[in-house]
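User: I would like to learn how to read charged side-chain pairs in a model. Please take me through one example at a time.

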Amino acid sequence: QHRDELSKFIGDEIARTLLEQKNLERRYEILIEQRAAMKGMVNKNKYKEVQEEIQDVSRALKESTNNLVRSLKDNPNISGNLIKVQRDRTEMNDG
């Protein structure tokens, strides 16, 4: 039972990481669109703010990806993890 609880905890951790990553990806996409819309604008300060936020989100996304990879590597039950990842991604895309 302890092993099942540990697997559930790890699965939940992976699911949280995936959700965080999905949210970061959405935010990144929105920021890229905002930046593209500002290309010819006179207000360079706002453009710089968006550019800095893009860099912040990019770093957070990279960190999130590294956390996900680490979680999967630390768990030898890769096939179970991959099934869980696929199921969570499907649920996130549907929701």
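User: Is Arg 16 buried or exposed, or partly exposed?

Analyst: Buried means under 20% relative accessible area, exposed over 50%, and partly exposed in between (1.4 Å probe, protein chains only). Arg 16 has a relative accessible area of 46%, so Arg 16 is partly exposed. This is a predicted model: local features need pLDDT of at least 70, side-chain atom pairs count only at pLDDT 80 or more, and totals for chains, interfaces and linings use all residues. Residues are numbered from 1 along each chain as its sequence is written, and side-chain values use heavy atoms, with hydrogens and water left out.

User: Which side chain does Arg 16 meet in a salt bridge?

Analyst: Side chains of opposite charge can pair when their charged atoms come close. A salt bridge is a side-chain nitrogen of Lys or Arg within 4 Å of a carboxyl oxygen of Asp or Glu. Here the partner of Arg 16 is Glu 13, at 2.7 Å from N to O. Glu 13 is partly exposed, at 31% relative accessibility. Both lie in helix H1 (residues 2-37), three residues apart, about one turn of the helix; helices are DSSP runs (H or I, at least four residues), numbered from the N terminus.

User: How many salt bridges are there by this rule?

Analyst: The count is three. Arg 27 and Glu 53 form one of them, at 2.7 Å from N to O. This pair links distant parts of the chain, with Arg 27 in helix H1 and Glu 53 in helix H2 (residues 44-74), 26 residues apart. Arg 59 also forms a salt bridge with Asp 56, the closest N and O atoms being 2.6 Å apart.

Terms used: Helices (H or I, at least four residues) and strands (E, at least two) are DSSP runs, numbered from the N terminus.
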